[in-house]
Amino acid sequence: MEKFTTLISTAVPLEIENIDTDQIIPARFLKATDKQGFGDNAFRDWRFKKDGSLNPEFSLNNPKYDGSILVAGNNFGCGSSREHAAWALVGYGFKVVISSFFADIFRGNALNNGLLPVQVSEEFLDNLFETIKKNPKSELKVNLEDQTVSIIGTNKTESFDIDAYKKTCMINGYDDIDYLISQKSLIQRFENKKASNRHIETEVE
């Protein structure tokens with residue numbers, strides 16, 4: 001995964017509540033077993049009309065909006081536990097999703113794939129939507145080390161929570177295996193100490 005410390009970006013508003021994982025990536029696209037190509041089908045049934053043409057009314061197709069931050073309505077990522085939803089969002093180009101509530105399984109899948117879910121209050125989320133609609137070029141700053149999200153050019157800032165282990169992994173660009181490898185010297189010292197203690201106990205006996 002890429003390292004994540006601070007991100008400054010414009011944002012794409014998706015003011016819809018209860019967006020489930022089937023809407024993020026429809027079930028018919030789940031046959032693939034790797035992450036390649038999932039971004040092409042993110043929000044497929046909303047981004048495209050039945051004839052295959054782009055839906056100009058969908059915010060991701062609106063040329064006014066761009067950026068690597070998705071600002072979404074309450075209860076984002078509900079529904080089935082498919083990890084493919086996180087793959088699709090990352091593949092599309094998002095690095096952060098901001099909402100007032102995330103489904104727990106989606107939150108875990110996002111963090112495991114380098115996508116930062118930032119949960120804010122409903123009031124702050126409303127401020128974000130209002131700011132972006134008024135000026136689509138407004139920039140947001142997400143600081144993972146400080147665990148804050150801010151609207152640049154204003155005094156509006158809010159803190160967010162994140163699991164300490166997942167925070168360490170994202171800052172260093174680790175997946176679970178990378179993290180274990182980073183602790184190799186500590187693990188080796190622990191094993192050496194155990195072996196030494198067993199040797200002493202054997203001598204005493």
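Biologist: Is Tyr 92 buried, partly exposed or exposed?
Modeller: This is a predicted model, with residues numbered from 1 along each chain as its sequence is written, and side-chain values use heavy atoms, without hydrogens and water. Local features need pLDDT of at least 70 and side-chain atom pairs 80 or more, while totals for chains, interfaces and linings use all residues. Buried is under 20% relative accessible area and exposed over 50%, with partly exposed in between (1.4 Å probe, protein chains only). Tyr 92 has a relative accessible area of 30%, so call it partly exposed.

Biologist: How are the rings of Phe 38 and Trp 87 arranged?
Modeller: Phe, Tyr and Trp rings (six-membered ring for Trp) pair with centres within 6.5 Å; planes under 30 degrees apart are stacked, over 60 edge-to-face, the rest tilted. That rule gives 8 aromatic pairs. With centres 5.4 Å apart and planes at 75°, Phe 38 and Trp 87 are edge-to-face.

Biologist: And how many residues apart are Phe 38 and Trp 87?
Modeller: Phe 38 sits in the loop between helix 1 (21-24) and helix 2 (44-47), and Trp 87 in helix 3. Helices here are DSSP runs (H or I, at least four residues), numbered from the N terminus. So the pair links distant parts of the chain, with a separation of 49 residues.

Biologist: What about the rings of Tyr 92 and Phe 94: stacked or edge-to-face?
Modeller: Their centres are 5.3 Å apart. The planes are at 25°, so the pair is stacked.

Notes:
Helix = DSSP H or I, 4+ residues; strand = E, 2+ residues; numbered from the N terminus.
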